[in-house]
Amino acid sequence: MDKGLIELVMNANSLGVLTGAGISAASGIPTFRGKDGLWKKHRPEELANYQAFQKDPRLVWEWYLWRRELIKNVNPNAAHYALVTIEKVVENYNLITQNVDNLHTLAGNQKVTELHGNIMRSKCSVCSKPFLGKINLNAGVPKCEQCNGLIRPDVVWFGEILPQNAIQKAYEIAMRSEIFMVVGTSGVVEPAASLPFIAANNNAYVVEINPQKTPITDITDLYISDPADKALQEIEKKIIERLN
Ligand code: NAD
Ligand code: ZN
């Protein structure tokens with residue numbers, strides 16, 4: 001592990017992190033583009049969009065209920081916990097995630113900005129009113145008590161606009177972080193993909209952790225090609241050694 005990085009983290013006033021599906025891979029949640037990303041021969045991109053929901057809301061819900069079950073049965077991994085340690089040593093720490101799995105919060109991270117919503121929540125597809133009931137597809141896809149619209153997962157689908165407050169916050173974090181870490185994201189889903197570039201343009205020290213190179217790799221100050229759990233656990237270990 002790069003010793004210079006530990007020094008930088010320990011002395012940083014501000015640190016931002018952007019995470020993607022790769023950080024949860026070691027917890028057993030497949031990434032969209034990995035080999036296990038398929039469900040009943042459907043590609044995630046075919047199901048995670050509004051047109052698919054309009055065409056077959058039941059099919060889309062079946063996929064989400066399958067993913068909810070998967071996520072309910074997994075735990076945060078060493079990477080999520082290491083970020084909690086980093087949060088404790090850096091004064092202005094902020095985490096931006098594209099994940100919808102709630103694992104950062106479950107691990108104990110305090111400052112989490114969810115760009116793509118949270119898979120455990122449901123809302124009305126028309127008026128956005130939160131839906132707190134259980135989804136039981138035997139009774140059909142539930143409808144909104146306020147406007148009769150179909151209930152959908154409270155996540156951002158391909159082609160949809162991100163929650164304004166979340167993306168605003170993310171831009172601010174990217175603009176004012178001394179260190180910006182990018183962990184387990186393919187760097188192709190906008191607008192999250194441009195956050196590392198914004199950070200770099202604002203003189204952040206950009207670190208990427210991903211076993212595969214991405215469009216972000218070229219602009220990084222440090223690229224670590226290890227899986228997130230291994231890389232972040234090593235960073236955490238060095239930080240704890242320094243603290244003792
Ligand atoms: P992606 O599936 O497109 O890419 C995942 C990236 O993680 C790849 O670059 C891959 O090389 C990397 N990766 C794989 N294993 C890794 C590991 N062990 N350590 C570090 N990196 C690893 O995911 P994305 O870029 O985050 O975007 C896809 C969208 O899909 C997101 O918007 C997200 O909302 C959604 N999604 C969420 C989850 C989740 O919540 N866990 C899972 C799948 C997809
Ligand atoms: Zn409604």
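In the predicted model, three strands make up an open sheet with the order β5-β4-β6, and their pairing is antiparallel. Strands here are DSSP runs of E with at least two residues, helices are runs of H or I with at least four residues, and both are numbered from the N terminus; two strands count as paired if DSSP finds at least two bridges between them. Strands β5 (130–131) and β6 (151–155) lie at the edges with a single partner strand each, so one side of each has no neighbour in the sheet. Strands of a sheet pair through backbone hydrogen bonds, either parallel or antiparallel. Between β4 (residues 117–124) and β6 the antiparallel pairing extends over 4 bridges, and P153 in β6 is the bridge partner of S122.

Helix α4 (residues 57–72) lies across β4 and β6 and runs at about 140° to β4. Axes are lines fitted to C-alpha atoms, for helices over the stretch in contact, with angles from 0 to 180 degrees between N-to-C directions. Strand β6 also contains D154. This residue, D154, has a relative accessible area of 18% and is therefore buried (buried, under 20% relative accessible area; exposed, over 50%; partly exposed, in between; 1.4 Å probe, protein chains only). Beyond its neighbours within four places in sequence, D154 is in contact (heavy atoms within 4.5 Å) with H116, G117, N118, R121, S122 and K123.

Ligand 1 has 24 residues around it, of which R33, Q98, D101, H116 and N210 come nearest; a residue is near a molecule or strand if one of its heavy atoms lies within 4 Å of it. Backbone atoms also approach the oxygen atoms of the ligand. A backbone N or O atom of F32 is 2.9 Å from an oxygen atom of ligand 1, and for G184 the corresponding distance is 3.2 Å. A polar backbone atom of G22 is 3.5 Å from an oxygen atom of ligand 1. On its own, ligand 1 has 850 Å² of accessible area, and the protein covers 90% of this (Shrake-Rupley method, 1.4 Å probe; for residues, only the protein chains shown count as cover).

Helix α5 (residues 78–89) includes A82, which is buried at 0% relative accessibility. Leaving out residues up to four places away in sequence, A82 touches L232, Q233 and E236.

Residues are numbered from 1 along each chain as its sequence is written, and chains are lettered from A and ligands numbered from 1 in the order in which they are written. Local features of this predicted model need pLDDT of at least 70, side-chain atom pairs count only at pLDDT 80 or more, totals for chains, interfaces and linings use all residues, and side-chain values use heavy atoms, with hydrogens and water left out.

Note on methods. Polar contact = N/O pair within 3.5 Å; in protein donor to acceptor, adjacent residues only side chain to side chain.
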